[in-house]
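Hi,

Here is the structure I said I would pass on.

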Amino acid sequence: MITGMIPINLRRAVTLLFLGWTLSVTADEAHFPNDRIPTADFETQVRPILIAKCFDCHGPETQESHLRLDRRAAMLRGGDSGEPAIVEGDSAQSHLIQLVSGAETGKRMPPNGMNRLSKGEIQLLRTWIDAGAVWPGPDGAADDETAKSDHWSFQPVRTSRLPGIDDLWVANGIDAFVLQKLSEHSLTHNAQATRPELIRRMSLDMLGLPPTPEEVRAFIANRDPQAVSLLVEKILDSPHYGERWSRYWLDLVRFAETNGYETNRERPNAWPYRDYVIRSLNDDKPYDQFLKEQIAGDAIGTSEATAYLVAGPYDLVKSPDINLTLMQRQNELDDMINTTGTAFMGLTLGCARCHNHKFDPIRQTDYYSMQAIFAGIQHGDRSLPLTEQQHQEVAKIDQQLVHLRDQLKPFVKDAGPHRPPVNARGNEELFEPTAARFIRFTIAQTNASQSCIDELEIFSGTTNVALSSTGAKATCSSALPGYEIHKLENINDGRFGNSHSWISNEPGRGWIQIELSKVVTVDRIVWARDREGQFGDRLATQYVIEVSVEPDQWKPVASSADRLPFTGAALTQPEYDFAKFPNDKAEQGRQLLNQLQEHEQRKSQLQVTATVYAGTFQQPGATHRLFRGEPLAKREQVEPGTVAALGKLAISEASPEQQRRLALAEWMASKENPLTARVIVNRLWQFHLGKGLVATPSDLGKAGVPPTHPELLDWLAMELMEHNWSLKHVHRLILNSATYQQSSQPRDDALQADADTQWWWRFPPRRLEAEPIRDSILAVTGVLDDRMYGPGFSGFEVELENVRHYFPKKSYGPEDWRRMIYMTKVRLEKESVFGVFDCPDAATSVPKRSRSTTPLQALNLFNSPFMLQQAQLFADRLKRDCGDDRGKQIARAFWLCYGREPDAAEFVDSQTFITDQGISAFCRAVLNSNEFLFIE
Amino acid sequence: MQHIDLLAGHHLLNRRGFLNHTGTGLSSIALTMMLAEQGLLKAEDTKLGTVGGTSSIRPVIEPAHPFAPRSSHFPAAAKRVIVIFCSGACSHLDTFDYKPELIARHGQPLPGADKLITFQGEQGNVTQSPWKFQRRGECGKMISDLVPHLGALADDMCFLHSIKGKTNTHGPGENYMSTGFTLDGFPSIGAWTAYALGTENENLPAYVAIPDPRGTPQNSVNNWGPGFLPAAYQGTDFNTSLPIRNLARPESISESADGKTRGFLKRLNERHLGRFPGDTELAARISSYELAAKMQLSIPEVRDLSTESASTIAMYGADDTENILKAGYAKNCILARRLLEQGVRFVQLFNGAYQTGGEGVSNWDGHKVLKDQYSIHGPVLDQPTAALIIDLKQRGLLKDTLVVWCTEFGRMPTFQKGASGRDHNPEGFTCWLAGAGVKAPFSYGATDEFGYKAIENIVTVHDFHATILHLLGLDHERLTFYYNGLERRLTDVEGQVVRDVLA
């Protein structure tokens, strides 16, 4: 037994040492038992204690706190607390021991004092655990206790068979499922809405703007039997679609352009993400790709998309107090984990931060595995990589720079015995001209992680002879698997930067070798980690470069030995000394230096790319499970991964940061993931029809509400996946369905049976959200500026103190009349007129806005300077459009706002009112009216 | 019947004739619907009005009257609440928590604190308060000379000396005290109260936040935000110098024109409603304009202090011409009383604003020169706040009004290294209660001999919140709102009513 003991603890100690922990921590953490350990037999000594003292509450029949002690795997998993009941070989860390020995105040087990374990019994349990908790028999099986859940949403998406309903009403699969449920509930559907109703509904729903009177009239007049589906296509093609629907996504991902908390400072580079979302929707980017880009866009060519990760709040107030700092960091990561769980998967991962999930099979360990995926992400701006054209220009300048530096070499001041330290952006190795066929670059140490070189240039004079295009061949010790952008071939492809680089698959080590097409005399090698300057990790800090003519007759030509030690400081320019040369020669040198500086300046200008608040990435250290989520209560280390009950990712503690995110993204975006497709089609349904088939759109777990139409939900999910994850395909299905196209008229009989419209016997009317209200107003008054994209406009007057203050604007002009999606989104503070229409504060993910009706909304819409100005502008427009013909003005206003002719009573009332109070008072009322503000 | 958007009227009560409904006839349907709201999964296991159940109690909210008064979970001691919030972290050691050891060990290091790093860094020595403490009231409670007027009311007060926070930074600290969470985006205690209980006077907002005349508190609107509760329940912020935005009729429009436009709008809306008979969301929007019109009259009236007697004005110090800050805050105190008097359910009154002009200049954040800074803030707070309590008492309101005095955290018993002020300290600090249902005079809990850490009868902010809700007749474990997978509570998953402080 003693011999069995040692390897376990040694293994632990070795692991800790490997992680670079200090020795004192290692000694504390690795629990070495007293020198003599008695043995404890499970069957005869341990199990009887468990049966007598524990099984009443934690046995086969009852599992309080979801803890059962009758199976070894369940013990290792633990109960609600997230603490494993036993840690093999480590009784001191075993929660079971802490509880039975009363080490945790107020939680001594068993609770009944009469039943407490004796010292001897506790010692037996300790002995058994320290010896590795050997448990013979089937109950001792070490198989994973990640109970396979039978909950509906964790099962694969099924191919739903369409109900065999023969009914002319059915336009597509949606209607068949809806009609089936309607009949089951003895309900009938409404008739189709009228043409004006349909175009207005679709336009507001899809584009967030009312249709123009001309569009309405043309649609009414269109005799084509396909008129409605043609309208659907036209609407799906409108760029306003992305402007309307991006809002839903931005709510969901808690996007804002300030940090929140007390300082609430601006994030001036956050808006490109908003444009990214609008473009992605308009381009109908496949949803799986859209999802992947937001988690790991830097790995797949859409760098700005990772702004999603850091779209949430960030506490700018920092302190030397470590407790505060650690808690702030935990909160940042929790925001990412929780948002990713709820927004993409409808999974409330955040519930497992402090304990195992109460309802779903999410262990606390799973939460921290997820944290290990996000742990390398920091809030902040990041410059985007260069475009192809910029690349080429930079490469050209680089060639010129090489030439100039060559010419300047004689003027370089003697810098002493040591060369400058290595630098991530570029290093030059000069040596005596040497004949070579093979050149090998061997890395013995990096500043972090597996080594990376973006390009190895080997010069013979001014010609780079290493390029694969010249026939040179590259080999290496290893290459990071799974990354196109880091494969071996990138080392000599003539392209610079991280996205065309080689990364070894050995932490801190690796070699790369170039075999030239023939023996060549070489005298200079240029290499860098990332010539674009985005990344500074993985830099070779100890290396040697050897050459040979025949294989394996290596001769070193350069190494890090004569360099100053790497400190991470910025690259220093060599100093020049012209004075020691004759005047004309010195003048020539100065001119060369001028040229060099000009070229360098142009290069750095070229290298300025867009900067986006998209986060920065670094290789994280070890992630530990935290007892009760407390930052200082570290428990065992966890590997990066996802919810074990749902899947497994092919990553480990050794995986580079980016690979971790990419693995998670690919798993979430896979067709095998049972949640992803269901979650997004349910959201689409909800935004179209006011309510999801699952009423808890961000919780498809056990605590959520089951779907009203499970088959329909799966059918839509399958449609999405089978049509290359096209969101527009699902929009098209919904918009073309008879269900969606029903009239919104209430019917007494149906209301009686289904006031909530959960069986969809009509299109349920609803008030518009803040953004389409504001946008619609601007559209009908004729001042809407429909410029898309770019930096936004402010809804506030901002006082630029250390702590920012946001005051309502006092006056408005054309710069304020773009669509509200382009209004800079300030966290917490709500825009002074429309914010009270339930705009989210962007502190957390909002899957569905509340829909309040309050007197403050009425006051803002009726009295605010913004609205009075709009009423006046509307009056001006009516006069412009109709001259002084009052009848025409009234009709025009009704057509613009409601898409219909006024009826006789409305006409007469309007006419009388305008005669009495004037046209702008009329406009003020119409812009406040219910019909204008509702989708019906 | 399984969805969560609150007040989405037509989902709830689509019935012909709803407009004629007076508020009782349909209540059973309303109840059923509201329980179905929020995706309630667990059935009620006990009836409304009883205590001891474990499942949520949903307020019965009529879409057209979201602020209608609603009954509490059990009979309440307090009908309304005023929370006086000292922004910036008011030092307990210079006001209400008397520690002779600070005098005895003045100038010596705080034992065990040589390596202690607090918010701004290292500690200097233990420092006595620049203000002397004296026995006050019949109870003889030791209270400092910084707040003599408040001290005189010691017999009405119930001190909790062992409050423990969760953070030592202002924004999250204010969030924690106002919303129960250090993060942004959770509903404030006032929003929870308005959601649960509505208000007694629908012509005024159910929940009013009164910012300091110098500006909003440090975490600004999140102190009175609705979080994920319907926007209807957020605090409406105004004070005597800052009116409600867009409340007043625009100057360019005459009263008669305004009224006629309102009439025309109503006719447009009613004709439209005719096509959607009984749609409550449409009906609610019609009522909201009527309520707005009433507020246009009632709010200027409540903000108008000209009807206050000269003696009242003087009692609050609102006529102090030498201390403008004090006079400004005093006017807000009078406004607070007027709001409570008229049935506003929850009033949040701020003393201290965001940081401007340096630390501790505009609020209680006394890092640098505590004596100079608090010499300004003490007099601003003291007399007006004391007058507010006296006034409430005189008018018979204190017996069913709960007065809460709080701040985001306390301060250190030491001065900061290299400064003459105290750093942040969430480990133990003082808040007090007065009025409805509160045991007074009484002191509960204690910090250690230096006033550094709470050691006796520790009260978390969750406990403090649970106690306030209890006094309002609300069970903090059953006042919940479903949001993103959780039945959210003001008290998260913690909180115990501090029964010892109940009368």
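Chain A splits into four pieces: domain 1 covers 33-140, domain 2 is put together from 398-414 and 578-609, domain 3 runs over 416-573, and domain 4 takes 865-935. Keep in mind that this is a predicted model. Between the centres of domain 1 of chain A and domain 4 of chain A there are 77 Å, going by C-alpha atoms.

On the overall build of chain A: I get 30 helices and 19 strands. Along the principal axes, the C-alpha atoms of chain A fill a box of roughly 100 × 100 × 55 Å. Of the 936 residues in chain A, 50% are buried. Looking at contacts in chain A with a separation of 6 or more, 71% join residues 24 or more positions apart.

Now over to chain B, and one glycine there. Gly227(B) sits in the loop that links β7 (207-210) to β8 (236-237) of chain B. Is Gly227(B) buried or exposed? Gly227(B) is buried, because it has 26 C-beta neighbours inside 10 Å, and 20 or more is the cut-off for that class.

Which residues does Gly227(B) touch, once neighbours within four places in sequence are left aside? The contacts are Thr179(B), Gly185(B), Phe186(B), Pro187(B) and Ala191(B). Ser188(B) is worth a click too: Gly227(B) and Ser188(B) lie 39 residues apart in sequence, with 7.3 Å from C-alpha to C-alpha.

That's what I have so far.

Cheers

Methods:
Residues numbered from 1 in each chain as written. Chains lettered and ligands numbered in written order. Predicted model: local features only at pLDDT ≥ 70, side-chain atom pairs only at ≥ 80, totals over all residues. Domains from an automatic or database assignment. Helix = DSSP H or I, 4+ residues; strand = E, 2+ residues; numbered from the N terminus. Buried ≥ 20, exposed ≤ 12 C-beta atoms within 10 Å, placed from the backbone. Contact = placed C-beta atoms within 7 Å.
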